Amino acid sequence: MAIVDRRKFTTGLLGVGAVSAGLSLPAYAQGKKPRVVVIGGGAGGATAARYIAKDSKGAIDVTLIEPTRKYYTCFFSNLYLGGLRDYDSIGHTYDGLASGHGVNVIHDWAVSVDGSAKTVELGSGAKVAYDRLVVSPGIDMKYDSVPGYSIDGQDTMPHAWKSGTQVALLKSQVENMREGGTFVMVPPPNPFRCPPGPYERISMIAHVLSKKNPTAKIIVLDPKEKFSKQGLFEEGWQKHYPDMIEWIPASVSGGVKNINMDTMEIETDIDTFKADAASVVPAQKAGAICDRAGITDGDWCPIVPSTMQTKADENIHVLGDASVASAMPKSGFSANSQAKVAAMAIRGALTGSKVFDPRFANTCWSLIDANDGVKVGANYKAGAEKIEVADKFISKTGEDEALRKATYEESESWYTAISADMFS
């Protein structure tokens, strides 16, 4: 199995993990330590909290606000759908951040931010003060972007695009489809979390159906005309699941005109598709706390590339899916990389530690069938206005089985490494 060097992973490729240079602390009110509050305990927030606490060696008080006590990663949830992982394997607690690095973990909702007073109000009514704030809330759904769909439809046609139990519901629905039934996938429009994700989901559902329900069909009603790794996915679908998957772009279908959640019917210009099970993923926007903090411009949060500070408030940093990270896709790997850049900038501002030139990276692995993995990725640099691509790579069509297996094994090693990097 290909092994990821964890030391290289945590300090090199994904960003600079600079340690405190041992300089004297700036003077804070009544000699108190500077305070960093992190909203959101996913790939961005958990990583930022860990690195700020760990590398400041106790010089900064770090508080992480996250409502869930166990975080289930969106990345690799498709492998759970495909029966290649169990549910517990993608779940993680915050015990390591608290016991290993002294992070104060508060399990509550952040409901508002007062940038002038530098406080975060919690669902409990309590307020938490900060000197720097990290906001990494992920996404919220624009349910009305798909005609007829609503938040009530999550139980019938789950999007399963956020951390939580919807993915378990979707798995159950797929596995209990009638023989020869139809699964319908409605991917989201750009930009959205994990660009290859809908197509890996289709692959993993096809993997299950090819064994349990081989006469079933999968219809993909895509609002887009092209998608990430399209040639690789289409090659794999033809190889592993011939005649099972039909991808229909909006130029052919006319787009989804209406969804009847009671009858499980999806209406387009060319046909009305009756689904036995379905996943509808609406358009997306930054988590709601970003709007309440006043740091959005439209649906997302513009940032300063070298520090991940929001352009609306120099004391707030925005990570991951919620940010406008230019060339970087919205992915867990990206959020983890951005968190290290932000952590370095925050330590430098609050403790006088050395700040190095920021570096970013991302790789998105996708599994088409068991041991058939593909990837796309890039290294990035901070430009004056945008995060820019430095170099990039992508798997090629026609690769041999040994290489595809090695790519899959590489992704498994990465998952182990990034989980430790976030939560240990």
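Visitor: Are F227 and F233 buried or exposed?
Guide: In this predicted model, both F227 and F233 are buried.

Visitor: How many aromatic pairs are there in the whole structure?
Guide: A search of the whole structure gives 18 aromatic pairs. One of them joins F76 and Y415, whose ring centres are 4.5 Å apart with the planes at 25 degrees, so this pair is stacked.

Visitor: Where do F76 and Y415 lie?
Guide: F76 is in the loop between β3 (70-72) and α3 (77-81), while Y415 belongs to helix α11 (residues 401-423). The pair therefore ties together parts that are 339 residues apart in sequence.

Visitor: And why does F76 count as buried?
Guide: The relative accessibility of F76 is 8%, and buried means under 20%. Y415 is buried too, with a relative accessible area of 2%.

Visitor: Back to F227 and F233: what kind of aromatic pair do they form?
Guide: F227 and F233 form a tilted pair, with 6.3 Å from centre to centre and 50 degrees between the planes.

Visitor: Which residues do ring pairs link into a cluster?
Guide: The cluster consists of F75, F76, F333, W365, W414 and Y415, linked by ring pairs. The stacked pair of F76 and Y415 thus has both of its residues in that cluster.

Visitor: Changing topic, what lies over the face of W300?
Guide: K330 lies over the face of W300, at 3.8 Å from the ring centre.

Visitor: And over the face of Y80, which residue lies there?
Guide: That residue is K171, placed 5.1 Å from the ring centre of Y80.

Technical notes
Residues are numbered from 1 along each chain as its sequence is written. This is a predicted model: local features need pLDDT of at least 70, side-chain atom pairs count only at pLDDT 80 or more; totals for chains, interfaces and linings use all residues. Side-chain values use heavy atoms; hydrogens and water are left out. Rings of Phe, Tyr and Trp (its six-membered ring) pair if their centres lie within 6.5 Å; planes under 30 degrees apart count as stacked, over 60 as edge-to-face and the rest as tilted. Helices (H or I, at least four residues) and strands (E, at least two) are DSSP runs, numbered from the N terminus. Buried means under 20% relative accessible area, exposed over 50%, partly exposed in between (1.4 Å probe, protein chains only). A charge sits over a ring if NZ of Lys or CZ of Arg is within 6 Å of the ring centre and within 35 degrees of the ring normal.
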